[in-house]
Amino acid sequence: MVELRIACFGDVVGAPGLRAFAYAAKLLREAGRVDLIIVNGENSKNGSGISPETLKELRRAGGDAITLGDHCFKDRKVCDDLDDPIKPVARPANLSTGARGKHFSRVSMSSEQMERFPPIFVVTVLGRLFMPLPANDPFEAVDREVAAIAALEPRALVIVEVHAEATSEKQAIVWHCARKWAERVVVVFGTHTHVQTADARIVDGVLAAVSDLGMCGGHRGVIGRKIGPVLEMMTNQNPFPYEVADEDVKATGIIVGIDTAARRAETIELVSIAQPG
Ligand SMILES: [Fe+2]
Ligand SMILES: [Fe+2]
């Protein structure tokens, strides 16, 4: 039986993305459709990086955990937040050992939720294929961090985010988790491409998976950037500064239903919520 519903939203791109996420989170909460919300904030500061301010905005808008990706250190002022043991935001787990920031975060819950649900943790790993930021083995990182979470909180359930370009790598990590971490990892979702994929599924009756959540931001554009400067750059190599797209603003992601007693995901649905006006 589904006791816990978690919404996961893709990369928030700039101010339009923040507005789209805030609208979607409020809508789902007020309709009683979700208990917890996770969102990727790596593009929340003007389309690249996260700042202490945009982190606060994402939390205020309803994000119970904020995840990151290859743009995690674009604004170094956020590093203190990444180190903070209480704040539900972490850097990708498979960076250099000495890199700033926690390797996983605990999803924030009300005291009433803490009585009803087991602790939920999120781990992000970066892919190694076609990615600009060099990273260590993501499979090894998943094993290390999931084991560390289990040692810390024996009842914990884990959500794994694969922040990667290649769907092959994302699918391989889904199978790795389904085979090795059944009854521990309940969701594996992908981020980074900013395009929602149609492969939401329950894998082997144990975990919910989707290759990419998509993004929160302007969908009339090129992965959240305005069309003109991107075309100018791609066709003429003219280095125009990219601007954040602000038309056709939507928040896309998934809602997952979890049977916390059986320690598995039962349902997954894709969501795409357009911001009116
Ligand atoms: Fe990314
Ligand atoms: Fe992104």
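## Arginine 76

Arginine 76 is exposed, because 11 other C-beta atoms lie within 10 Å; a residue is exposed at 12 or fewer such neighbours, buried at 20 or more and partly exposed in between, with C-beta atoms placed from the backbone. Arginine 76 sits in the loop between strand S4 (65–67) and helix H3 (79–83). Helices (H or I, at least four residues) and strands (E, at least two) are DSSP runs, numbered from the N terminus. Leucine 28 is 48 residues from arginine 76 along the chain, and their C-alpha atoms are separated by 32 Å.

## Model and numbering

This is a predicted model, in which local features need pLDDT of at least 70 and side-chain atom pairs count only at pLDDT 80 or more, while totals for chains, interfaces and linings use all residues. Residues are numbered from 1 along each chain as its sequence is written, and chains are lettered from A and ligands numbered from 1 in the order in which they are written.

## Helix H6

Buried residues in H6 are Glu169, Lys170, Ile173, Val174 and Cys177. They cover an arc of only 145° around the axis, so they lie on the same side of H6; the arc is taken from the directions from the helix axis to the C-beta atoms. Ser168 and Arg179 are exposed on the other side of H6. The buried residues pack against H5, strand S7 (157–163), strand S8 (185–191), strand S9 (201–203) and strand S10 (207–210), where contact requires C-beta atoms, placed from the backbone, within 7 Å.

## Packing of H5 and H6

Helix H5 (residues 138–152) packs on helix H6 (residues 167–180) at an angle of about 35°, and their axes are 11 Å apart. Axes are lines fitted to C-alpha atoms, for helices over the stretch in contact, and angles run from 0 to 180 degrees between N-to-C directions.

Pro138, Phe139 and Val142 of H5 meet Ile173, His176 and Cys177 of H6. By class, this contact has five nonpolar, one polar and no charged residues.

## Valine 187

Valine 187 belongs to strand S8. It counts as buried because it has 25 C-beta neighbours inside 10 Å. Leaving aside residues up to four places away in sequence, valine 187 touches Ile159, Leu207, Ala208, Val256 and Ala265. Aspartate 83 is 104 residues from valine 187 in sequence and 25 Å away in space, C-alpha to C-alpha.

Key
Contact = placed C-beta atoms within 7 Å. Nonpolar A, V, L, I, M, F, W, Y, C, P; charged D, E, K, R; others polar.
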